[in-house]
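Welcome! Here are a few exercises for getting to know a protein model step by step. Have the picture open while you work through them.

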Amino acid sequence: MATLLLAGCAPSGPPPDDGLSPPVIAQSVEPDGFMEALIEGEVVLAGGCLSVRVSIDGHPTDHAIMWPYGTRRNKDDVAAVDVPGAGTFAVGDYLRAGGGFIRHEQDEDDPFTDCAITDEFVVINPDVAHATPSPTPSE
């Protein structure tokens, strides 16, 4: 099933003349379907890419982000993106969206070549919204 959904998630990097860092990696076509995991966390700059810091079993883990189709770099902040219908997301913002974790396999078409990432990245659905940080449990 993930293969069917990924057919609409073909990645693309920034426009060739952009040359800015961090790269903005977005879906190159509008997907036919969406992944259903909940992605919730802080937008961070990790490994050279905009990433989301999620808590997995109580441990923070950074995953590079593949943004929804139509996402562009913010014109005023190279470390921020404008997501159609959702607004601007920058380092320090919290996001909440449907999406999914995809196993990262490097090859010549790898959009995450410039990112030092874990073995997974996240695909964010267009339903991305700003969120408030989850409270840290008291110890």
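**Exercise 1: Strand pairs**

Leu45 stands opposite Leu50 in β4. This is a predicted model, in which local features need pLDDT of at least 70 and side-chain atom pairs count only at pLDDT 80 or more, while totals for chains, interfaces and linings use all residues. Residues are numbered from 1 along each chain as its sequence is written, and side-chain values use heavy atoms, with hydrogens and water left out.

Task: find which strands β3 pairs with, and in which sense.

Solution. 
- Step 1. Strands are DSSP runs of E with at least two residues, and helices are runs of H or I with at least four, numbered from the N terminus. Two strands pair if DSSP finds at least two bridges between them.
- Step 2. Strand β3 (residues 37–46) pairs with strand β4 (residues 49–56) in the antiparallel sense, over five bridges.
- Step 3. Two residues lie between the strands of this hairpin, and Gly47 takes a positive phi near 60 degrees there.
- Step 4. β3 also pairs with strand β9 (residues 94–103), again in the antiparallel sense, over six bridges. Here Gly99 in β9 is the bridge partner of Ala37.

**Exercise 2: The surroundings of Asn74**

Task: decide whether Asn74 is buried or exposed, and find what its side chain meets.

Solution. 
- Step 1. Look in the loop between β6 (72–73) and β7 (80–83), where Asn74 is found.
- Step 2. Buried means under 20% relative accessible area, exposed over 50%, and partly exposed in between (1.4 Å probe, protein chains only). Asn74 has 12% relative accessibility, so it counts as buried.
- Step 3. The side chains of Asn74 and Asp82 are joined by a polar contact of 2.9 Å. Such a contact is a pair of N or O atoms within 3.5 Å; within protein, one must be able to donate a hydrogen and the other to accept it, and residues adjacent in sequence count only if both atoms are side-chain atoms.
- Step 4. Setting aside neighbours within four places in sequence, Asn74 is in contact (heavy atoms within 4.5 Å) with Ala80, Val81, Asp82 and Thr88.

**Exercise 3: The cores**

Task: find which residues have the most contacts inside the largest nonpolar core.

Solution. 
- Step 1. A nonpolar core is a set of buried Ala, Val, Leu, Ile, Met, Phe, Trp, Tyr and Cys residues joined through side-chain atoms within 4.5 Å.
- Step 2. The largest has 18 residues, and Trp67, Phe89, Leu95, Ile124 and Val128 have the most contacts inside it.
- Step 3. At least two of its residues come from each of β3, β4, β7, β9 and β10 (120–124), and β4 gives the most, with three.
- Step 4. A second, separate core has nine residues, including Cys49, Ala64, Cys115 and Phe121.
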